[in-house]
Amino acid sequence: MGRTRTATAPRTPRARAPPSVGILDIAFHRASLVTPRGETKPDRDRMRAELKVVRSSATVGRHLRLEARRFSHPELTEFERSLVEGAFGRGTFDRSLTRLRRAEERIRGLAREATRETHRTSGPDDLGDLVRRFYGRLSSFVREIDPDIERLRAIGQFLDQRPHLDPAAPTLVVAGFPNVGKSSLVARLSSARPKVADYPFTTLSIAVGHADLGFDRLQVVDTPGVLGRAKRSNPAESEARRTVEGAATIVLFVLDPTDRSGHTLEEQETLLARWTAEFPGLPIVAVETKCDVARSPSARRKVSATTGEGIPELWAELRKLVRPKGGLPPVEEATVEPPPAEALNDDGDDSAGRPRSRMSRRRSSRSGPDR
Ligand SMILES: Nc1nc2c(ncn2[C@@H]2O[C@H](COP(=O)(O)OP(=O)(O)O)[C@@H](O)[C@H]2O)c(=O)[nH]1
Ligand SMILES: [Mg+2]
């Protein structure tokens with residue numbers, strides 16, 4: 001066998017140009033359009049060099065501020081920061097943001113220095129050299145932070161694909177092992193229409209729906225399944241755990257007593273016991289679902305997302321737990337806010353144009369993203 005490449009060898013995808021290429025292209029193009037004014041040609045030469053320095057650096061600065069702006073208007077919530085930390089590593093977000101801001105400052109300083117230098121330089125050749133040197137340094141400053149810009153863009157995309165949870169609203173996080181019926185229950189309990197399927201990890205990231213409690217609006221969050229392994233977890237599992245830890249005011253822990261999920265009740269109970277110990281202040285309501293198929297002898301509440309059995313009683317229990325401290329009159333029945341039929345799409349959350357909070361309008365909520 002020779003070392004010839006076979007036709008079936010996988011081709012590496014063409015690398016995308018780093019962000020600096022686009023940013024610098026725009027900056028240099030804009031700088032090339034300057035129209036210097038001045039009485040004499042030497043005046044105009046000097047002015048042209050100065051304007052090129054000022055305009056190219058200002059354009060780059062504006063682009064860098066735009067890359068960072070997404071994270072400060074509005075500020076990320078603690079929970080969003082925790083999700084980002086889980087997916088991208090501790091501290092990486094802040095590091096990239098700091099490096100971006102520092103680069104912007106350095107570029108401002110560099111431009112000030114070069115502008116001053118144009119006043120001490122004369123002759124088109126020397127001025128041309130000065131601008132070229134400035135462009136070179138500007139380019140290397142921007143190239144240096146390519147990985148940071150790329151990371152911030154990826155973080156922005158990651159957050160766009162997750163619902164924005166209102167940190168002030170009561171939040172029911174529905175969690176449990178994979179394939180036990182979490183998404184089916186979320187659909188029963190809220191306006192969300194997550195994808196339901198009989199294989200594990202249908203739900204790879206969190207999704208939110210809402211239920212109107214009368215006195216308040218409950219956020220109901222669907223989470224990816226957690227296998228409850230002591231030391232290891234995949235990104236979807238760690239997202240679920242962070243949601244329990246960082247967003248839940250109540251956890252609905254769903255157990256499947258049938259053999260359909262592929263996990264024994266004992267395995268599931270072990271995770272329930274672990275979380276109960278790990279989150280002592282958090283109300284955890286355990287329910288056994290799929291009661292239309294099988295019931296365990298336990299004293300736990302039994303429900304079925306398929307037939308709706310046990311759901312009103314479950315609501316009554318949940319409602320007591322989220323009752324506001326001020327003691328507004330209790331409401332008899334929680335009403336789920338179903339979106340109108342035409343708005344029932346794969347995006348899950350209400351796309352019905354119902355008024356949402358400013359924050360949730362900003363980012364679209366997704367349910368059951370099967371990515
Ligand atoms: N018979 C029955 N099947 C259910 C029930 N809830 C969910 N399932 C089925 O169980 C499978 C997994 O459901 P899903 O909601 O996607 O589980 P998740 O992975 O925990 O979100 C799907 O095939 C559902 O149709 C239930 O109450 N009764
Ligand atoms: Mg699911």
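## A walk from the ligand shell into the sheet

By class, the residues around ligand 1 divide into six nonpolar, ten polar and four charged. Here Ala, Val, Leu, Ile, Met, Phe, Trp, Tyr, Cys and Pro count as nonpolar, Asp, Glu, Lys and Arg as charged, and the others, Gly among them, as polar. The shell holds 20 residues, and the closest are Gly181, Lys182, Ser183, Ser184 and Asp198. A residue belongs to this shell if its C-beta atom, placed from the backbone, lies within 6 Å of the ligand.

Before going further, a word on what you are looking at. This is a predicted model, in which local features need pLDDT of at least 70 and side-chain atom pairs count only at pLDDT 80 or more, while totals for chains, interfaces and linings use all residues. Residues are numbered from 1 along each chain as its sequence is written, chains are lettered from A and ligands numbered from 1 in the order in which they are written.

The protein chain contains eleven helices and seven strands. Both are DSSP runs numbered from the N terminus: helices are H or I with at least four residues, strands are E with at least two. Of the 371 residues, 36% count as buried. Buried here says that 20 or more other C-beta atoms lie within 10 Å of a residue's own, exposed that 12 or fewer do, and partly exposed covers what is in between, with C-beta atoms placed from the backbone. Among the contacts with a separation of 6 or more, 69% join residues 24 or more positions apart. A contact needs two C-beta atoms, placed from the backbone, within 7 Å.

Which strands pair with strand 1? One is strand 3 (residues 217-222), which runs parallel to strand 1 and is joined to it by four bridges; here leucine 172 has valine 220 as its bridge partner. Another is strand 4 (residues 250-255), also parallel, with five bridges to strand 1. Pairing requires that DSSP finds at least two bridges between the strands. Along strand 4, valine 174 is partnered by leucine 252, and glycine 176 stands opposite valine 254. Strand 4 itself has five of its six residues buried.

The arc is taken over the directions from the helix axis to the C-beta atoms. With 14 residues, helix 9 reaches 20 Å from its first C-alpha to its last, close to the 20 Å expected at 1.5 Å a residue. That expected span is 1.5 Å times one less than the number of residues.

Helix 6 (residues 146-160) gives a second case: its 15 residues should span 21 Å, and the end C-alpha atoms are 21 Å apart, which agrees. Its buried residues include Asp148, Ile149, Arg151, Leu152 and Ile155. Their arc is only 160 degrees, so they sit on the same side of helix 6. Their cover includes helix 1 (19-32), helix 2 (41-69), helix 3 (78-88) and helix 4 (92-120).

Finally, some backbone details. Most residues other than glycine have a negative phi, and most peptide bonds are trans. Asparagine 179, in the loop between strand 1 and helix 7 (182-189), has a positive phi near 70 degrees, and this residue is buried, with 20 other C-beta atoms within 10 Å. Lysine 290, in the loop between strand 5 and strand 6 (301-302), has a positive phi near 60 degrees and is buried too, with 23 other C-beta atoms within 10 Å. The peptide bond from histidine 73 to proline 74 is cis, with omega near -5 degrees; proline 74 lies in the loop between helix 2 and helix 3.
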